[in-house]
Amino acid sequence: MFKTFIAGILLGIAGAAAALYYVPVVDQSREQSMIVVHPNHGNTETFHINIPTDRILVGVPGQAEPLPAGLEWPDDLQFAATRAEVFKIRNGKDAVVGVASRIAASDEVAGDVIEWVFHLPARGSAYVVMEAQPQEGGYRLGSLATGTREFAPLVGHVTERWVSSTSEFDDDMQGRIELITAFVGQFVEDE
Amino acid sequence: MKYLVALLVGMAGGVAVFLTFLYLNPLTTTNRLSALSVSDNQVITFNYSAVATDALVYTNDGRSQVTPYPAKVLQLWEPTVRRTDARVTVLRDGRGQPAAIGVKFSSDSEKTNVLNGEAIVDSVWHIYAPGQGSLFVEQQENYWGYLREIAIPARWSSGKNWRGTWNASITSGPGALGTSRVFGGSGIFAGLESDAVESLNAKAYSVEHGPVAMDAELAIEIPRRDAALSQDP
């Protein structure tokens with residue numbers, strides 16, 4: 001019986017090691033990437049943010065009704081021209097795939113700043129710097145400054161535009177922010 | 001029957017022995033020293049309280065140990081973001097003055113490997129400092145030391161809490177020296193590519209509420225422009 005007990009201990013050690021080696025501790029939930037390939041125009045992927053339902057934070061000084069309720073945004077003068085927002089971000093199937101932050105600010109050193117960070121837990125993050133002035137047609141162009149994991153080797157552009165809601169069934173829905181990414185891999189020459 | 005019982009008891013003992021070895025494994029040490037402490041370059045620091053209620057906004061799936069703040073903030077309950085938390089906070093400079101607004105997204109990483117003492121979190125910072133510019137910081141954080149030296153002892157204590165002084169760097173990559181990657185977006189940081197290290201200074205922790213007294217510091221190396229332009233001797 002003692003030999004069986006010792007065998008059990010060894011089996012337990014081996015089993016625990018095997019379980020920790022083969023069974024992932026973290027397995028992020030994934031949604032299918034909705035990437036569209038255009039003839040001669042690379043790949044695009046469309047994300048959107050439903051307003052107001054996907055808004056987590058609107059950080060602006062002096063809001064009468066802060067979002068979220070109870071938010072105490074700093075009233076320092078240096079943050080007077082800063083607007084920070086945090087959202088949930090959705091794919092083309094309207095499924096939440098990540099979170100995003102948008103910072104819009106203006107100061108003498110940096111000028112007008114409009115930036116996005118998209119954080120898709122299963123895929124990586126993208127840091128996008130937008131042009132300050134919108135294009136004709138009301139959309140704004142930006143470029144991928146850098147990215148992590150899946151987005152690390154990519155370059156490309158992002159367009160941001162506001163689409164007002166035309167739904168007659170949902171009075172609360174104001175519209176959505178549409179973000180279209182056009183990213184491609186960088187060409188690396190073999191040495 | 002008694003052989004089966006002996007086998008099962010032995011297996012339970014084996015699992016316990018293995019987990020004890022993992023917990024006490026001296027090869028998985030906490031990184032106490034920042035890689036930037038030996039840097040010749042200027043290092044700017046942003047400090048913040050890592051306690052959720054000290055943030056402007058902190059949110060997660062709503063079921064985790066740390067409660068979202070403020071109470072009515074939208075929670076990240078969808079499957080794809082359930083293991084993610086978002087923090088928006090005022091970052092203070094070395095003199096304790098508000099210097100920037102920082103947004104931090106952190107997600108449990110699939111690179112987590114308990115066998116190697118790696119409890120990895122993938123995180124990014126989006127920082128805007130008025131009068132200076134904006135920054136993006138990508139990092140992997142290893143919370144193994146934090147779990148081993150704070151969270152687990154707190155769970156074992158009769159009061160279900162931990163008090164003491166714990167100071168360590170949590171950044172473990174993606175830089176070769178265990179540093180995070182910094183990218184400047186605008187202002188004086190435009191075009192900057194550098195390294196950073198985030199460290200925690202914990203003083204109190206509660207099993208019920210998570211960190212009770214804990215400060216964090218994000219140190220960012222600013223390479224000297226003239227150093228980049230000078231020729232090799």
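Helices (H or I, at least four residues) and strands (E, at least two) are DSSP runs, counted from the N terminus. What you have open is a predicted model, where local features need pLDDT of at least 70, side-chain atom pairs count only at pLDDT 80 or more, and totals for chains, interfaces and linings use all residues. Residues are numbered from 1 along each chain as its sequence is written, while chains are lettered from A and ligands numbered from 1 in the order in which they are written.

Start in chain B. Select B:Pro174, in the loop between strand S8 (171-173) and strand S9 (180-187) of chain B.

Hop over to chain A and pick A:Leu67 with A:Pro68. The bond from A:Leu67 to A:Pro68 is also a cis peptide bond, its omega near 0°. Look around and you'll find A:Pro68 in the loop between strand S3 (55-59) and strand S4 (82-90) of chain A.

Why stop at these spots, and at the next two? Because most peptide bonds are trans, and most residues other than glycine have a negative phi.

Next, click A:Asp94, in the loop between S4 and strand S5 (96-107) of chain A. A:Asp94 isn't a glycine, yet its phi is positive, about 70°. Is A:Asp94 buried or exposed? A:Asp94 is exposed, as 9 other C-beta atoms lie within 10 Å. (Buried takes 20 or more other C-beta atoms within 10 Å of a residue's own, exposed 12 or fewer, partly exposed anything in between; C-beta atoms are placed from the backbone.)

Last stop: A:Arg149, in the loop between strand S8 (140-147) and strand S9 (154-164) of chain A. Here phi is positive too, near 45°, and A:Arg149 is partly exposed, with 16 other C-beta atoms within 10 Å.
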